[in-house]
Each structure stands twice: as structure tokens, then as C-alpha cells.
Amino acid sequence: MRTLTDLDLPRDKTRRNQGDAPLARETVDPQGGAGSSRAHESAVKHVTGRAAYIDDIPSPADTLHVALGLSPVAHGRLTRLDLDAVRAAPGVVDVITLTDVPGHTDIGPVFPGDPLFADDEISYVGQCLFAVAAKSHRAARLAAQAAVVEIDEQPACLDPVDAAERGDFVRPTHTHERGDWQQALTDAPHVLEGEQFVGGQEHFYLEGQACLVQPTEDEGVMVYTSNQHPSETQKLVAEVLGIPFHAVTMEMRRMGGGFGGKETQASPWACIAALLARRTGRATRIRLPRAEDSRATGKRHPFHNRYRLGFDDHGVLAGGEITVIGDCGYSPDLSDAIVDRAMFHADNAYSLGAARVTGQRARTHKASNTAFRGFGGPQGMMIIERAMDDIARHLGEDPLTIRQRNLYREKDPDGTPRDVTHYGQRVEQLSLLQDIVSQLEASSDYWARRREITAFNAQSPIIKKGLALTPVKFGISFTVQHLNQAGALLLVYTDGSVMINHGGTEMGQGLHTKVCQVVARELGLDLERVRISATRTDKVPNTSPTAASSGADLNGQAARDAASKLRERLFDFAAAHFDREAGGLDREAMRLEDGHLVAGIGEAETRIPWGELVQAAYMARVSLSEKGFYATPLIHYDRATGRGRPFYYYAHGAAVAEVEVDTLSGEYRLSRADILHDVGDSLNPAIDIGQIEGAFIQGMGWLTSEELKWNDAGQLVSDGPATYKIPAFGDLPPTFNVDLLQGHPNSQASIYRSKAVGEPPFMLGISVWSALRDALASLADYRVSPALDTPATPERVLMAAEALRRAEPSPAARPDHAPA
């Protein structure tokens, strides 16, 4: 039966949001190589339900199901754990605690501090105490409830500022310092200071934490896992079991979302399932219910930020200090690097001048907070964006004017350099930031809309509109140098079909699609002839996590390396082989295009079909497989001095957001968004635009509706969709314009001069928060910069509006209205 699509409907019936974003079906190159818009390689499988996720993998007949015993207390000492009733429960096959682990018991990904099971000290509600394996999921869950758990409960610390004041840190404090920031504050004509709370965020992946482990005949395990870092999980499983790494194989075809929540925190469940599988000799499956997943896993780090900045009469920063305090939860996890990233991005797109940036990593009795899209960068950017708004209100200027004056630039009129960050990296492509902001300023009609909004607000006592344009400068690379590497394995079969495997993982972002496009482009083939296989640790070893927006940069380059080496081998073969049969081929003029080996030009051109070339190479015993490798050049960072070049390049973007706020209820809506984003020469414009749209909405959700709430006992109460509000389709702005910046290829030799697109557009959502502050500022005639912590829920917006009304004197009481 023929299905009805929007292609069958008149344009006014398609219900598309207004805007100029292209559809995925609008292709550029029918071949589908890198640089063209092609649909996601699993798109049809996604919409038809054929895409298999971990819980879709058929279980062997004797598979065991695992339930976890989690701590109901945030802090204390475990005094009794009686599991006799659990072991005796119907269907139970095995129960394990920390004493049953044959190998390593601490699975901290970088630093120790993450026991597989709690043994003595309890550090957060949801900490794993034991695991039970039973013949059914229901039997395992019922059995887990029979445990007798006694804990000597102690006061829990849930306030990172309090922890920082007491010096309770998961890792040492780190500082970046450039120039005499104290003198800059002393000499500045104006000094402002402020502080803000930036809330965390639940990953809320559609597919929760899940894995299936099967024991193998060589005393190892085969692990199917929803996981952003298979190689690290392979290592941890092997260490927990006390077996070599080669005895553990990880396979991951796709995730139903990750966003950083499966970079380190997918490992504990694989370790537990593997341990039970080896003990019982049976396949073992774990899938966490949503509430347990939320309680047992970490979030985006909440931050408490402070600034004290000096600036001149034009709002140009002279220098100052910024402090960021990350709420790390109970253990280090990735917090060292995450707070580092917040420090690196405390400048966002602006030259701070002489500045000191300090990052503190506070310990609290919560699940250990972890990676999340942006990896601390968004939290760091928030404080300087608050400062830009505050300076503008202080001077009576438009915030966009102040932002433009402070963008990175070559130097000030007095010759002061303004192109080096507070950690010593020079900012390249300086005109790019200016171009993006000025182009978006024009295309969004910023100033005309500003005048209209100001006039509207003057006549509207209740509904207030706000407008804001905020830029983004985001560094691309892992800040840990050794992670900036990737491998790939390319296989060509005798029918001419091609299989590529690489170390990156697919979580819906289109990485596999882009890598296939790279191979298709290098080999001159239609995209349909290239397929990708599941990420496996026995094909490409020692891989880095799919994180830090580096997936396409690293794995695309590794795949290109493999394809180009194989291509050159085929060229060498063709020059020798077809020399006898075709009268000679010019090796130097060979190329692969449109499914042919082409040699020569014009009348002397010879075209050999790809399939024929491959067959001939096989018959001549030429290898048709190749491995590729890539390591990012140039990057370095000296942590001792806080100086270096931690990023290969910067990706940029800017967004304009317009909001309408009901100041009597605090409710608001985003009415329009305009985005211009820099992806260099895009690998796939349709996928990149989809990433930008999704990142913007996710960033908006983080800053507006997604509120994490713990009660006084340290229990997470926002543990499901009934109590935690992620953005939905209705939260999209009616007008949503997204453009890719044209004519600015990457200045660095990235894959086809493209730029990463996973994380940078997330920070574009800051424009929505800034627009809300702009709307509220109109209550005080734009002379006051309102405090607005995040998430800026309607309750917080209403409280900010009420605070402004209480602080604002009536017109008759103002000095400028005093009688003559």
C-alpha cells in the first residue's frame, strides 16, 4: 500500500515550521560522497522499527536477567547486608557483591574512586550494593527487594559551594592566568561582579543503559553494549574478571542516544553482567528501568560561577577573574577534564584581557557527574555571557554592541594583542567570528526587530518580548592528548562491494553515514556500494570514545587513510597489469570516479569498471583490505603551567532568539530562532543542519525546562518524564531558520576541511536564556540586568520579574522626574 508523505501534499499542508533549513532528501551529489546531503544510513530502519538496539538482540534460551540492589541513602556506613532471602527467592540463580569480584574492584575510568559495588562507605542514593541474576527480569526485581540493608546514615553534602569552602574536592584546583589581572581591575574605569547557578541536565537517552553478555569457549566474554567507549569498557571488564583484554570482545552497532552518558557510565553494567555470565556460564542481560537509570548514573555537572571584571567606558574588557565550581558528585569520573573544559571556555568568543580563571571540583553526595554534550564548555560560557548582558545594562548599551566590541580580534587601537586566549592559544580565522555575527545580524533583521520590540514593550505592561544574539567559539579536540587518535579497517570484496569498520560509535548523529561517504568519495563509488559494520574491539583496537565532537574528524581521517592507501595499491597494480592488456596506462593520471578506474584524458582516456579492477586484483593476489590510522597534529597542553594549544581548531556559530514572556505567570515561549553556524566545508549538510537544530533545542531545554531536583535526604526526585521536562515538538519556535556558513573552509587540514558539529551548536541555546533576561530587563527600562539562574523555569522567571518590580521605583519617584 502506498504511504502518504509530505511529497504528496501541497506545501501549505506539510506543517513544516517556517524556516529555510533543507530537507534530508534534497541531495547535492547523486553519488552521495562526502560533501553531499544524504539521509542517515539507518534512516529507513529507524522509521520502520528494523534498527536493532541492545534489547532487540534475541536472547539465548537460558539467558539470565539482572536486577540491582541500590542504596536508599546518600551518605553513611553499610552495617548489614543480608542477602539470604534474595538467594532463596524463586528463579534466582546467582547473587554477587564486591567480595565476589575476582579482579579489580575499582572501575574509575581515569582516577580511582568508583567501586563496582559499595562495600563500606555509601556515597549517594542509587549506589550499587549487589546484583541478582534470575531466570526472568520480574523474578530478579522481586528478589532484589527481599534484601535486608542496614546503613548508619550520616549527613549528606549536596552543596558544591559549601564543599569548596571546606576544601572537599575530587581533584585539585586548577588555574589559568595571563597578564596582571589584579592591576587591570585596579585601573579599569568600571568593575562589575556577579554570580550564577547553572543547573545540570539528565541525558534522557531514549535507550537506557543496557547490555547483553555471552560467555565464550575460551574463558572470555562477548559483550553487546550501548556504549560510547567500547575499548575502555573492554579494559574494565577484563580487569574485573582478571583476564587478558583479548578475551573480551565488545560489539556496538548503534545507540538510542548517548550525549556523553554512555562514555564512562555504561561500563559498570557491562562489568556486572560479564561477572555473572562467567560465574554461571550463561548469557546475562541488564537493562535499567528509567528511574533506576536516573538515580544510578551521573548528569551534566551543575556549576556555581562567579566573575569580577573590569572594563572601559565602551564596555571593552580590561581583565579580571572568573571562578567556576563544578558539582562533581562523589568521585572524579571525568570531572578533571570537564572542569578544565569549562575553564577553557570561560571566555567563549571574547578576549578577556588580563585574566585569571580558576576551576574547582567539589565533592557532593550525588551520583558521579559525567560527560554531557559540550563537556563543561556550556557551563563555562554561561558566566561570560551573563557578564556581557550585565555590562550592557550598566552602560546603557545594547548587549549585541558590547558582545561585538569584545570579540577576539587582532589587537586594540593601542596595540594590545587580542588574539590569544587566557590559556595561551592563538585564535585563528579571526574574521570568522565577526563575519558570522554581522551576517546573522543582517539576515535576522536584528536592529529593526530590536526597535519593534522596544516599542512593543513600552506599550505592553504584561507581555514582554526579548531578543538576544549570542556567539559561540568552541575548541575541537580531546583535551587529553592521547585520545586524539583513531583507526579504521577497510575491506573490498570480489564483487566490488566495500565494508568499512572504525572505532567510532553511532548514537544517531550520523557518524557512520559520514564515514561511508568519505570512503565512497575516496574510491569514486556510489554510496550504496559502501556499507559499515558494527563497532567491534576485535577489528579496530584501542579506540577513543566517540565524544568531544571528534567522531568524524578522527574516524573520517582514519577511513580516508585506509581508502587512499588501498587506492594507491590498486593504481600500482593497474599500471603493471593493464600495461600488457590495454597498451599501457599512465599511472600518474589515474583516478577513481563514477565506479571506474580512469586513466588518461580525452581520446586517450581508458575506463575500467571498478568490479573488473577488483576482480583482476584478486586474481593477481593483490590485497583488498587495508587499515587506516590518524592522530591529530599540533595539539599540546602543559597542565603545570596552564598553557598550550589544547584544540586543533575552533568551530563557531551564532544564534538570535526572540521570546515572549507573561510577566504575571512567568510562562514564556520561543517565537523565533535564527542560526548561522560554521561547519567548514560540510561533510553532509542535511545531517549537519539536523545536528544544529537538535543541539539548539537540547541546549534550550537545559537552560529553561530541565530541572534536576534532590530532596534534603539526597534522593533525586526528578527521575522520570513525569517530573523532568525535556523539550518536546511543541517547544520548537514557529519560525526556525538555520543556515550553514559558506565560503569558510577549515584553516586546519581536517577531513575535507570540514568542522565538527556535534557539540558546538548546543551552546547556541544560550541565546534563549539571554533573550529571557532581555525581556525581563524591559520591566526596569533596560537599566537593570536581572539575575536569572538556570534552568530558567517559569517559576524562576516569575521570581525575577517580581524582584525587578519591587526594586524599580515608580516614575514620579525617579530623580529624572523630580519637580524643577
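Over the ring of which residue does the charged end of K465 sit? The ring is that of F456, with the charged end 4.5 Å from its centre. A charge is taken to sit over a ring if NZ of Lys or CZ of Arg is within 6 Å of the ring centre and within 35 degrees of the ring normal. K262 and Y205 meet this rule too: the charged end of K262 lies over the ring, 4.6 Å from its centre.

The model is predicted, so local features need pLDDT of at least 70 and side-chain atom pairs count only at pLDDT 80 or more, while totals for chains, interfaces and linings use all residues. Residues are numbered from 1 along each chain as its sequence is written, and side-chain values use heavy atoms, leaving out hydrogens and water.

Rings of Phe, Tyr and Trp (its six-membered ring) pair if their centres lie within 6.5 Å; planes under 30 degrees apart count as stacked, over 60 as edge-to-face and the rest as tilted. The count is 13 aromatic pairs. One of them is F344 with F647, edge-to-face, at 5.4 Å centre to centre and 80° between the planes. This pair links distant parts of the chain, 303 residues apart: F344 belongs to helix α9 (residues 335–344), F647 to the loop between β26 (643–645) and β27 (649–662). Helices (H or I, at least four residues) and strands (E, at least two) are DSSP runs, numbered from the N terminus. Both F344 and F647 are buried, that is, under 20% relative accessible area, where exposed is over 50% and partly exposed in between (1.4 Å probe, protein chains only). F696 and F736 form a tilted pair, 5.6 Å centre to centre with 45° between the planes. F696 lies in helix α17 (residues 685–704) and F736 in strand β29 (residues 735–740), so the pair ties together parts 40 residues apart in sequence. Both F696 and F736 are buried. One aromatic cluster comprises F344, Y423, Y637, F647 and Y650.

The disulfide count is zero, with a disulfide defined as a pair of cysteine sulfur atoms within 2.5 Å. For C157, the closest cysteine sulfur is in C328, 12 Å away, too far for a bond. C157 is buried at 10% relative accessibility. For C271, the closest cysteine sulfur is in C211, at 9.0 Å, again too far for a bond. C271 is buried, at 0%.

An open sheet has three strands in the order β21-β22-β23, with antiparallel pairing. Two strands pair if DSSP finds at least two bridges between them. β21 and β22 (residues 596–599) pair over three bridges. R591 has V598 in β22 as its bridge partner.
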